[in-house]
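Please look over the chain shown below before reading on.

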Amino acid sequence: MKIAILSDSHDSWEDLSAAVAAASDESCEVLFFAGDLVRPAGVETLAEFFGPVHIIIGNNEFEVDEIHAAAAASDNVIYHGEVCDIQRKGIRIFMHHYPQEATAKAQSGIYHLCIHGHTHRFTDRRVKGARVLNPGAISYRGSAPSWGIFDTEDGSFTQQSI
């Protein structure tokens with residue numbers, strides 16, 4: 001299964017749309033968005049993905065209630081608040097915007113995959129057997145736009161450019 005991982009779009013709808021389209025083109029089955037969507041307009045862009053989209057808030061959401069309402073009105077965007085903790089096809093996945101939270105959950109030993117954003121840097125590391133992944137930022141001043149694809153079959157996490 002291919003998992004698209006995005007974060008930190010910061011109101012950059014054109015780049016977010018390009019990443020969502022590319023995730024669909026790459027046959028990703030599910031998309032995780034690790035916060036800093038900023039405004040509800042981004043939910044409509046994420047909903048263009050053909051499969052389920054799991055989103056959390058980051059530290060730059062200005063209209064949290066409106067983002068939640070937009071997700072509820074969509075057919076495929078699932079709003080989790082600050083924390084996403086789910087199991088999909090036997091893989092236990094945790095997502096939080098902050099790296100400290102993702103790392104702490106990885107140290108528990110019960111997760112396979114812990115996703116975070118916030119730092120705007122693409123990272124892939126192992127903590128107690130869990131993969132701790134950051135896709136970088138879709139858009140943020142001073143950082144090159146990136147997102148990632150995690151392949152559960154071969155264990156690869158590849159950085160994607162926009």
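The largest nonpolar core has 23 residues, where a nonpolar core is a set of buried Ala, Val, Leu, Ile, Met, Phe, Trp, Tyr and Cys residues joined through side-chain atoms within 4.5 Å, and buried means under 20% relative accessible area with a 1.4 Å probe, protein chains only. The residues with the most contacts inside this core are L6, L16, L31, F33, L46, I55 and W147. This is a predicted model, in which local features need pLDDT of at least 70 and side-chain atom pairs count only at pLDDT 80 or more, whereas totals for chains, interfaces and linings use all residues. Residues are numbered from 1 along each chain as its sequence is written, and side-chain values use heavy atoms, with hydrogens and water left out.

**Nonpolar cores**

- A second, separate core comprises 17 residues, among them M1, F32, I115 and F150.
- Not counting residues up to four places away in sequence, L46 touches L16, V20, L31, F33, L37, V53, I55, N76 and V77, contact meaning heavy atoms within 4.5 Å.

**Overall form**

- The chain has 4 helices and 11 strands.
- With a radius of gyration of 14 Å, close to the 15 Å that the globule rule gives for 162 residues, the chain is as compact as a globular protein of that length; the radius is taken over C-alpha atoms, and the rule is 2.2 Å times the number of residues to the power 0.38.
- The C-alpha atoms fill a box of roughly 35 × 35 × 30 Å, taken along the principal axes.
- Buried residues make up 51% of the 162 residues in the chain.

- F94 lies in strand β6 (residues 91-95) and counts as buried at 2% relative accessibility.
- Leaving aside neighbours within four places in sequence, F94 is in contact with residues including V83, C84, E101, Y111, L113 and I115.
- F94 and I67 are 27 residues apart in sequence and 20 Å apart in space, C-alpha to C-alpha.
- T103, found in helix α4 (residues 99-107), is buried with a relative accessible area of 15%, and T103 touches R125, V127 and V132, not counting residues up to four places away in sequence.

How values were computed
Helix = DSSP H or I, 4+ residues; strand = E, 2+ residues; numbered from the N terminus. Buried < 20%, exposed > 50% of the residue type's maximum accessible area, 1.4 Å probe, protein only.
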